[in-house]
Amino acid sequence: MKGFEQMRMNDQVYALRRKVIEIIYQANDKLREAGLSKMPRQTVRIVDSKECKTVAGYAWMGQDIVHIKQDTCRKEYLLHTVLHELCHSVLAVEHDEQCPLMASHLPCCAVSDDKLWATFIDYFRKSN
């Protein structure tokens, strides 16, 4: 995406990438528990931007590619961001301002992890 640069892999970037991948593993576990198929392998990159301060991450619609900003990996909304981007990446879900997970901006109040997971699973259920 314009204005973003992939971080060169080093120990710190690897640790941030692992945080994202752990959430993807959790997502696959939750999908299996719900009787759904696991996601295809995701290409995960950690990115940075000097210009863009408002984007937490982005994905290629339906192409299994997720990019998460490095500072997002250190925030309390990392789970929200990763699940949101996975819905874009795997299912090509568009933004929905009425949905706590798929709104184009993070809500002013945190959404509970349980609500995020339930909404995420619902999107995958609808796609089957």
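Helices (H or I, at least four residues) and strands (E, at least two) are DSSP runs, numbered from the N terminus. On that basis the protein has three helices and four strands, and its elements run β-α-β-β-β-α-α from the N terminus on. This is a predicted model, in which local features need pLDDT of at least 70 and side-chain atom pairs count only at pLDDT 80 or more, while totals for chains, interfaces and linings use all residues. Residues are numbered from 1 along each chain as its sequence is written, and side-chain values use heavy atoms, with hydrogens and water left out.

**Overall dimensions and packing**

- The radius of gyration, taken over C-alpha atoms, is 14 Å; this agrees with the value near 14 Å for a compact globule of 128 residues, the globule rule being 2.2 Å times the number of residues to the power 0.38.
- Along the principal axes, the C-alpha atoms fill a box of roughly 40 × 30 × 25 Å.
- Of the 128 residues, 45% are buried (buried means under 20% relative accessible area, exposed over 50%, partly exposed in between, with a 1.4 Å probe and protein chains only).
- Among contacts (heavy atoms within 4.5 Å) between residues at least 6 apart in sequence, 57% join residues at least 24 apart.

- Four strands form an open sheet in the order β1-β2-β4-β3, with mixed pairing; two strands pair if DSSP finds at least two bridges between them.
- Strands β1 (5–6) and β3 (57–60) stand at the edges with a single partner strand each, so one side of each lacks a neighbour in the sheet.
- Strand β3 runs antiparallel to β4 (residues 65–69), and four bridges join the two.
- Within β4, His-67 is the residue opposite Tyr-58.
- Helix α1 (residues 11–33) lies across β2 (43–48) and β4, and runs at about 135° to β2; axes are lines fitted to C-alpha atoms, for helices over the stretch in contact, and angles run from 0 to 180 degrees between N-to-C directions.

**Aromatic pairs**

- Rings of Phe, Tyr and Trp (its six-membered ring) pair if their centres lie within 6.5 Å; planes under 30 degrees apart count as stacked, over 60 as edge-to-face and the rest as tilted.
- By this rule there are four aromatic pairs; Trp-117 and Phe-120 form an edge-to-face pair, at 5.9 Å centre to centre and 85° between the planes.
- Both Trp-117 and Phe-120 lie in helix α3 (residues 113–127), three residues apart, about one turn of the helix; Trp-117 is buried at a relative accessible area of 9%, and Phe-120 is buried at 0%.
- Phe-120 also pairs with Phe-124, the ring centres being 4.7 Å apart and the planes at 45°, so this pair is tilted.
- Phe-124 lies in helix α3 four residues from Phe-120, about one turn of the helix, and is buried with a relative accessible area of 6%.
- Ring pairs also link Phe-4, Tyr-58 and Trp-60 into a cluster.

**Charges over rings**

- Lys-30 lies over the face of Trp-117, 5.2 Å from the ring centre; a charge sits over a ring if NZ of Lys or CZ of Arg is within 6 Å of the ring centre and within 35 degrees of the ring normal.
- The charged end of Lys-126 sits over the ring of Tyr-123, at 5.2 Å from its centre.

**Surroundings of Val-90**

- Val-90 lies in helix α2 (residues 78–91) and is buried, at 19% relative accessibility.
- Not counting residues up to four places away in sequence, Val-90 touches Met-39, Pro-40, Gln-42, Gly-62, Asp-64 and Phe-124.
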